[in-house]
Amino acid sequence: MEKFFKLKQNGTTVGTEVIAGITTFFAMAYIIIVNPGLLSQSGMEWGAVFLATIISAIIGTLVMGLFANVPYAQAPGMGLNAFFVYTICFTLGFTWQQALSMVFICGLFNILITVTKIRKYIIKAIPRSLQNAIGGGIGIFVAYSGLLNVGVISFDAGTPALATLNQPSIWLFLIGLVLTVVLLACKVKGAILIGIIGTALLGIPMGVTVVQETVSFTEACRQLPTTFGVIFTSAGLGSLFSDAAKIPLVLVTIFSFGLSDTFDTIGSLIGTGRHTGIFSEEDERAMENSSGFKSKMDKALFADATATSIGAIFGTSNTTTYVESAAGIGAGGRTGLTSVVVALCFAASAFLATFVSAIPSAATAPALVAVGVIMMSAFKEIQWDDFGEAVPAFFAGVFMAFCYSISYGIAAGFLFYCITKICKKQAKEIHPILWVATILFILNFVLLAVI
């Protein structure tokens with residue numbers, strides 16, 4: 001195990017990696033229940049999506065851990081699954097079988113741009129100031145996600161407001177946040193995981209930690225054939241391009257899927273991997289000079305690219321690298337062993353879904369807030385007194401939370417980076433790939449407005 005994962009070389013131990021893996025799993029375990037609840041609205045069987053979610057998470061995370069040896073977990077992404085249901089199926093009128101087919105094609109597209117090194121070149125083209133902004137922005141995004149998940153911040157009637165302290169879940173969150181902060185300040189090993197478990201246990205007498213109704217594993221297995229491989233039938237890929245009038249709309253939708261998925265992953269990897277040393281300068285040089293998948297970044301990008309198509313085959317929306325992996329990284333995870341532990345936890349959850357569903361958002365939100373605070377240290381590397389650098393950094397960092405989208409934050413950062421460079425008559429410093437990416441983002445926003 002030491003030789004395979006290179007634990008000493010990465011400054012970690014088996015115990016630390018196990019704790020990190022469990023921490024990451026608890027931080028993202030909500031997807032096991034949330035994803036089938038969301039996708040089933042399109043007509044898919046709840047149990048089938050439940051198993052497809054777990055299977056895609058296991059396969060994608062294992063590839064990330066065993067092939068790339070990095071501590072990232074994968075699962076169907078939030079936001080992308082909502083786009084799947086509410087935009088593609090409800091608004092545009094596609095069937096869920098056709099939507100799954102689009103996800104599959106999106107995965108093939110990601111594999112293509114990864115094998116051809118396009119995604120690697122995009123990462124290399126992002127200036128260091130924006131990379132630091134993305135890192136700090138991921139911190140804001142993670143913390144903001146935690147606050148939203150537990151309802152500390154609400155937007156009733158379109159007005160942002162702080163929740164009143166009259167709900168047990170809010171009180172549990174506050175207790176958990178104080179507990180997690182104290183443990184981290186005292187440098188207690190496994191502080192984040194202890195905080196999650198301790199808060200969940202406190203939630204039992206408060207009536208917050210409660211089990212949810214789920215289908216049995218046997219019933220889920222009976223339902224899985226309704227989604228597995230359906231994209232290869234006449235209802236899937238066979239019907240997707242049958243109507244010539246809809247082909248432009250299909251292509252636009254796939255483009256939007258692919259762009260969001262690509263930059264969500266790039267943002268997650270850059271944001272959590274740079275300042276922690278997971279992707280070191282040596283790895284960056286290897287990425288620049290390698291012709292195959294030799295660097296950890298190359299392998300991580302390939303692992304992420306394959307996961308989307310695999311998930312579509314089983315019956316779920318885009319599988320992507322989870323930003324909640326930051327929780328495990330914050331707990332000390334540095335190698336693929338963390339990912340393997342996450343995958344094993346997902347496997348166990350297929351049989352223990354009732355107990356996993358009992359972990360409330362109020363127990364995991366404090367961990368996300370604490371990790372967000374840690375990650376915001378990347379902002380210190382930005383020259384805030386240079387207005388030309390501060391503006392794109394601000395928009396890249398803050399818009400991730402404002403728009404609740406990593407890719408939109410990156411888009412805002414790219415756009416204002418180009419604007420400020422043009423105004424300073426330094427347009428030649430803008431990498432051609434950055435120009436292309438910015439134009440694609442603008443085109444995507446226009447197309448989304450049209451459809």
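This is a predicted model: local features need pLDDT of at least 70, side-chain atom pairs count only at pLDDT 80 or more; totals for chains, interfaces and linings use all residues.

**Entry 1**

I started at Thr-114, which sits in helix H6, residues 96-115. Buried or exposed? I looked up Thr-114. Its relative accessible area is 3%, and the cut-off for buried is under 20%, so Thr-114 goes down as buried. Its side chain makes a polar contact of 3.1 Å with the side chain of Arg-119.

**Entry 1: Arg-119 again**

I followed Arg-119 and found it in a salt bridge with Asp-304, at 3.4 Å from N to O. I checked where the two sit: Asp-304 is in helix H15 (residues 296-314) and Arg-119 is in helix H7, so the bridge ties together distant parts of the chain, 185 residues apart. How accessible is Asp-304? I got a relative accessible area of 0%, hence buried. Arg-119 also comes out at 0% and counts as buried. The structure holds five salt bridges, and I come back to others below.

Lys-117 is not a glycine, yet its phi is positive, about 70°. I placed Lys-117 in the loop between H6 and helix H7 (118-125). With 8% relative accessibility, Lys-117 counts as buried.

Tyr-404 goes on the list too, with a positive phi of about 50° although it is not a glycine. Tyr-404 belongs to the loop between helix H20 (387-402) and H21. I noted a relative accessible area of 40% for Tyr-404, which makes it partly exposed.

Which residue does Lys-424 bridge to? It is Asp-386, with the closest N and O atoms 3.6 Å apart. This pair also links distant parts of the chain: Lys-424 is in the loop between H21 and H22, while Asp-386 is in the loop between helix H19 (361-375) and H20, 38 residues apart. Lys-424 is partly exposed at 40% relative accessibility. Asp-386 is partly exposed as well, with a relative accessible area of 26%.

I also wrote down the bridge between Glu-429 and Lys-421, where the closest N and O atoms are 2.8 Å apart. Glu-429 is partly exposed at 48%, whereas Lys-421 counts as buried at 14%.

**Entry 2: rings**

I then turned to aromatics and got 22 aromatic pairs for the structure. I looked at Phe-395 and Phe-399: the ring centres are 5.3 Å apart and the planes are at 65°, so I logged the pair as edge-to-face. Why about one helical turn between Phe-395 and Phe-399? Because they are four residues apart in helix H20. Phe-395 is buried at 18%, while Phe-399 is partly exposed at 26%.

Another edge-to-face pair is Tyr-408 with Phe-445, 5.2 Å centre to centre and 70° between the planes. Here the partners come from distant parts of the chain, Tyr-408 in helix H21 and Phe-445 in helix H22, 37 residues apart. Tyr-408 has a relative accessible area of 29% and is partly exposed. Phe-445 is partly exposed too, at 36%.

I noted one aromatic cluster made of Phe-394, Phe-395, Phe-399, Phe-402 and Phe-416.

**Entry 3: lysines over rings**

Where does Lys-246 lie? I found it over the face of Phe-94, at 4.7 Å from the ring centre. I logged Lys-299 as well: its charged end sits over the ring of Phe-67, 5.7 Å from the centre.

**Entry 4: a nonpolar patch**

Last, the surface. I found a nonpolar patch formed by Leu-415, Ile-419, Ile-442, Val-446 and Val-450, with about 420 Å² of accessible area together. Which helices each supply at least two of the patch residues? They are H21 (406-423) and H22 (432-450). H22 gives the largest share, three residues. I checked one member, Ile-419, which is found in helix H21. Its relative accessible area is 36%, so Ile-419 counts as partly exposed.

How values were computed:
Residues are numbered from 1 along each chain as its sequence is written. Side-chain values use heavy atoms; hydrogens and water are left out. Patches are made of residues with over 30% relative accessible area and no salt bridge: like charges are joined within 9 Å, nonpolar side chains (Val, Leu, Ile, Met, Phe, Trp, Tyr) within 5 Å. Accessible areas come from the Shrake-Rupley method with a 1.4 Å probe; for residues, only the protein chains shown count as cover. A salt bridge is a side-chain nitrogen of Lys or Arg within 4 Å of a carboxyl oxygen of Asp or Glu. Buried means under 20% relative accessible area, exposed over 50%, partly exposed in between (1.4 Å probe, protein chains only). A polar contact is a pair of N or O atoms within 3.5 Å; within protein, one must be able to donate a hydrogen and the other to accept it, and residues adjacent in sequence count only if both atoms are side-chain atoms. Rings of Phe, Tyr and Trp (its six-membered ring) pair if their centres lie within 6.5 Å; planes under 30 degrees apart count as stacked, over 60 as edge-to-face and the rest as tilted. A charge sits over a ring if NZ of Lys or CZ of Arg is within 6 Å of the ring centre and within 35 degrees of the ring normal.
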